[in-house]
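We will go stop by stop, with something to pick at each one.

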Amino acid sequence: MEPLKEELNNYFLMWKHLEQLITDNLIQLLSLDISNKTPKELLQKVAETMQKPFQYPAWELTTEDYDEETEDYHAETEVDEEQEEEEEEEEEGEEKVKEKKRQLGDTKHFCPVVLKESFVLQPGNMEEAVKYREKIYYFSTAEAKEKFLEHPEDYVAQNEPLKAPPIRMCILGPRGSGKTTCARKLAENFGIFHIQFDEFLQEKMLLKAERKFGPEFEEDSEEEQAAKQELEELEDQASVKIEEEITKKRLPDVQFTEEEEAIKLSLMENEPLPPEVLDSILSEWWFKEPIRSTGFILDGFPRYPDEAQFLGERGFFLDVAAVIQVEDQDVFDRLLPGQIQKWKVKQQKKAEKKKLIKDMKTKIREEMIAKRRAELISERDKKRGPLRDDEDFSDEDLEDEEDIDNILEEEFPKDEEEMSEEDEEQEAEATERLRNELGEKFEADTNNLQIIQEEFEKVLVPIITVNGARKIHIVQYVLNLKVKPLVENRASIFEKCYPVSSHLAHKMLAFTYKYMSSFGYWDPVKLSEGETIKPVENVENPLYPVIHRQYIYFLSSKTTREKFMMNPIKYIRQPKPKATMPVKIMIVGPPKSGKTTVAKKLASEYGLKHLSVGDALRGMLNDHPDSELSLMINWHLHKGMTVPDGLAVQALDTSLLESVCNTIGVVIDGYPVTTNQMNLLETRSIIPMIIFELDVPSKEIFKRLLLDRKVEQSTPYPLHNSTQIIAYKNAKYHKNVKEIRKFYQEQHQNWHVINGFHRKAACIDKLCITPEELIARLGEFGQFCPVSLAESYELYDCSVTSSLEFAAEFRGHYYKMSSRENLNKFLMNPELYVPPLAPHPLPPAAMLPKRLTLSELRSQFPKYEALVPGNIQYAAEYRDRIYIFESEEKLQKFLRMGVCEHVLNELCIHRLPMHYWDQKLPYKLPPLKESIHLTSLPLPGYLEQGTATSLIKAMNAVGCLKPKFPFLSVRRSALLYIALHLKAFNPKGSEYSRKKYKKKMEKFVERCELITYLSSKMTRKYKEPQFRAIDFDHKLQTFFSLRNIDPITG
């Protein structure tokens, strides 16, 4: 050992001199502790130390970084102010702003450490920020930030992008709001787990206890328990077996663990679960498979504010919380009928049990009486001695029987009914009790829900609110609509897309700063939707490039760009587009059928080349004037001859050699129209992919010709649109088109006939059309039925119903029909019922009858009683006159201007109202009703006619509100509210007075609500000011300040 020690000492002495030399030369020293370390671990430590100087460092954001961020913000503001003059300057400014903006890291605003270690999306704290590779990362805690600073490369994307965890959400709402139904539907739609929290707890208890716990499962009250015990005792006395439905088998006592006891207490007493129990339950859903990688919907959790606070403290973060909002009446309507039915079943069982107990008591009493009677008779026989005469025996025997009966009545008195039927709870009382219980539960759930939402807002959990009062399928649809984007865009949550201008995108591609995507110039969104034609960039159809990772994608519209930026992964994963062939489309039809209009529209929409034979000839003469083909064309034109079909087809074939025609496609307008042209095209292999034939009747062609000639201005030279020329062209076209159509249908199956005359009418009952849009797009007949007016000359007003069941759209206008039969007629031939073919136009507005409401009638005629006989509920206005009708049926007949049995002359009139509207009243009229002065009525009648309405409204309002002013009795509070209500809604008071007392009434109600608010917010345990509601202290102070204040003037 001595030589070894000496060698070690020499080494240490030498190392001291060597260490000093190394330190002086600024060389880093690494000290390694080799105890309990393998050579591989030591080598790894040395390699990490050597690589560290060459790695990107991460550092905390300092004051200088925040100052730089402030400067960037001001620079962005200056750029925004300079972007208001021209669009080009705006685009350049946007690029400058984006260059100056700080970029978030791979995890955006979520903590990368929590994502890596727990696979949970937890929003980071802005104050805990780190900069790494010119990107900002936010962290949930300081400890997470320190871990990232030590090894930042472990928490960022390296070879592949970060994977986002599946969606984890909760759905909350009061009891009876439909949480479970909606959650189950959402889980089914998105393929995730549905966890009903209360049912999960019940299942844990059911395995051991074989029963469920909770107030709704505790069927036996104390009274029922006593009756059950009494029934068992009677069963033993009577020695009978009772059916199992009446006497249930008692469950054995079970010894629960501490966790099970806590769950039982939570289910029975509505208490929050302890943190250690919650931690064990929630850890399975957040960190264990298969739920961890699939996602879930938590139904009915958190239930209490403490549980919501626990989620944030322990890192169990939810991606979204859906809250279903309902009113108490909605809960009553859903739950109360079922609870009343349960109460009825329970009362029926209770009555059966009482009857059974009564019958058993009666049986036992009869047996005991019979036994005691036998004993008394035997005692009497022992005392009686030898037998005597029959008469003496019968008299004594009768007296003894009476004595025995008296003894039995004294020893076995009849039991009185413990509770009469009147003492039993009636259905009305049970309904009121159950309603109160539901109301208390609803109020408690609402208060808890409000505090839970506040806790979620503190930890940045998004909240979705849905109106749960609507039908359940509508609530499910709205929830699905709001949650669907979160689920579908989950894979792209960490992806970043940057829109750039087209010029900048091409510049980046030219300098290989970015690369063209595998989609090329195809729109990935349109491609996924089934688009088969590649979009072409031009002035009318600009492209919208987007940078994603190292590639540039070209989108055809702003809408598709937004869709792509929301979820780029969805569109990148689809199959790539295949190489396409150029499209060849031909459009034929008679003159004035709209061939050129349709061809130009297709060319503009899809970037195709619009080409006609005339365009091909002119292009040949202009581009190749010295060619042999051009010389031959010129020779025929100079002779005044038509260019032969052979030369025209050659020119057309030459035009098809252009780059646009070979790469994208072409639309050939108006060719072929003869069989010779068809054969020449076949000879040169010019075969279209599809031919559209526009079918237009001859009558419509000449109608369009007349309209065009009215619009066109006169010219000094003749036009080839005379009626004779159009008629000749039309006849020649129809003569040849049949053979051409037959050839293409048999040889190529590419001929399609399109109705070019009109657009078909369509029903609109399935469309979401607002009332404003309906009014704005009504046709010439407004709300009146065009079919009734055309066929029976009746004006049928369809405005009485808002339904669109019998409505249709035609030529961009909406029309409403009176019946399904009329709707079918309109859909078959809509042109017959609208101008110009409609037989009867709608009368002028002044000639239309107008239905009056009772208020409109009284506003025009204060002494409306003079219009009797007739019911003033059925009134109409026609030519500024009022007509009163006896019934709804006669009013409708008058409004339809059809068959009307007039009330005055009892004649059957088959005419319009204009033929009978000016009739004279007969000389003998019913006597007028005499009015009675209000002051001449007795006092009860005067109050009923004068102030009863106002008092009833005020008392109804106070009954609904139930006000209680602080430090005042309920009676005085109610009287003060009634007085304020009468003043605030006094029709004879001034506007100023009504407004004044309305403000006082609102202030009175606000002070009355202080009691409800404070009672809901106060807890048994003291809360520090920072844990109280924001306005709690202010309202409490306001409450105490009202002790000695006049509630009206104070």
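**Stop one: a helix and its neighbour**

The buried residues of helix 39 pack against helix 38 (991-1017), where contact means heavy atoms within 4.5 Å. Before going further, note that this is a predicted model: local features need pLDDT of at least 70, side-chain atom pairs count only at pLDDT 80 or more, and totals for chains, interfaces and linings use all residues. Residues are numbered from 1 along each chain as its sequence is written, and side-chain values use heavy atoms, with hydrogens and water left out.

Helices (H or I, at least four residues) and strands (E, at least two) are DSSP runs, numbered from the N terminus. Now select residues 1032-1041, which make up helix 39, and colour F1032, L1036 and F1039: these are buried. Buried means under 20% relative accessible area, exposed over 50%, and partly exposed in between (1.4 Å probe, protein chains only). Look down the axis of helix 39: its buried residues fall within an arc of 55 degrees, so they line one face of the helix. That arc is taken from the directions from the helix axis to the C-beta atoms. On the face turned away from the buried side, you will find the exposed residues H1034 and Q1037.

**Stop two: an enclosed strand**

Next, select residues 135-139, which form strand 4; four of the five are buried, so the strand is largely enclosed by the rest of the structure. To see individual partners, show Q103 with K135, then K131 with I136. The hairpin of strand 3 and strand 4 has two residues between the strands, and R133 there takes a positive phi near 55 degrees.

**Stop three: backbone exceptions**

Most residues other than glycine have a negative phi, and most peptide bonds are trans. Select N270, in the loop between helix 10 (258-269) and helix 11; its phi is near 55 degrees, a positive value. N270 is partly exposed, at 38% relative accessibility.

Then move to P290, in the loop between helix 11 (275-287) and helix 12 (291-294). A cis peptide bond joins E289 and P290, with omega about 0 degrees. Finish at P302, in the loop between strand 7 (296-299) and helix 13 (305-314), where a cis peptide bond joins F301 and P302.

Definitions and conventions:
Two strands pair if DSSP finds at least two bridges between them.
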